[in-house]
Amino acid sequence: MAKGKKKTSQKWKLYEVKGGKVVRKNKFCPRCGPGVFMANHKDRWSCGRCGYTEWKK
């Protein structure tokens, strides 16, 4: 990234509209509560705020 350029927010990728309602794509962290999304990795779900991790089967 060039100096002085800011990366834009991409929160729009975490939501989807189905049947006139907004649906969240990612899970919420069970420790932090609603509003804190967990990152979806290939083999796990992880929270960037508290570090909680759930391994996928």
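Let me start with one side chain: is Lys 27 buried, partly exposed or exposed? Lys 27 is partly exposed, at a relative accessible area of 33%. On this scale buried means under 20% relative accessible area, exposed means over 50%, and partly exposed is in between, with a 1.4 Å probe and protein chains only.

Before going on, some housekeeping. This is a predicted model, where local features need pLDDT of at least 70 and side-chain atom pairs count only at pLDDT 80 or more, while totals for chains, interfaces and linings use all residues. Residues are numbered from 1 along each chain as its sequence is written, and side-chain values use heavy atoms, with hydrogens and water left out.

Back to Lys 27. What does its side chain meet in a salt bridge? The partner is Glu 54, with 2.6 Å from N to O. By salt bridge I mean a side-chain nitrogen of Lys or Arg within 4 Å of a carboxyl oxygen of Asp or Glu. The pair joins distant parts of the chain, 27 residues apart: Lys 27 is in the loop between β2 and β3, and Glu 54 is in strand β6. Strands here are DSSP runs of E, at least two residues, and helices are runs of H or I, at least four, numbered from the N terminus. Glu 54 is partly exposed as well, at 22% relative accessibility.

How many salt bridges does a search of the whole structure find? It finds two. Asp 43 and Arg 44 also form one, and their closest N and O atoms are 3.0 Å apart. Asp 43 has a relative accessible area of 36%, so it is partly exposed; Arg 44, at 27%, counts as partly exposed.

Next, Asn 26, in the loop between β2 (21-24) and β3 (28-29). A polar atom of the Asn 26 side chain lies 3.2 Å from the backbone oxygen of Met 38. Leaving out residues up to four places away in sequence, Asn 26 touches Leu 14, Phe 37, Met 38, Asn 40 and Trp 45. Touching, or contact, means heavy atoms within 4.5 Å.

Now the annotated part. UniProt lists residues 29-50 as "zinc finger region: C4-type". UniProt positions are in the numbering used here, feature names are shortened, and annotations may be inferred rather than shown by experiment. Over residues 29-50 the chain is 0% helix and 59% strand, with the end C-alpha atoms 9 Å apart.

Where does UniProt place the feature "binding site"? The record puts it at Cys 29, Cys 32, Cys 47 and Cys 50. These are spread over 22 residues of sequence, yet they cluster in space, with a largest C-alpha distance of 8.8 Å.

Take two of those cysteines. Cys 32 sits in the loop between β3 and β4 (33-40), and its relative accessible area of 24% makes it partly exposed. With the sequence cut-off of four places applied again, Cys 32 touches Cys 47, Arg 49 and Cys 50. Cys 50 is in the loop between β5 (44-47) and β6 (53-55) and is partly exposed, at 30%. Under that cut-off of four places, Cys 50 touches Cys 29, Arg 31 and Cys 32.

Conventions:
A polar contact is a pair of N or O atoms within 3.5 Å; within protein, one must be able to donate a hydrogen and the other to accept it, and residues adjacent in sequence count only if both atoms are side-chain atoms.
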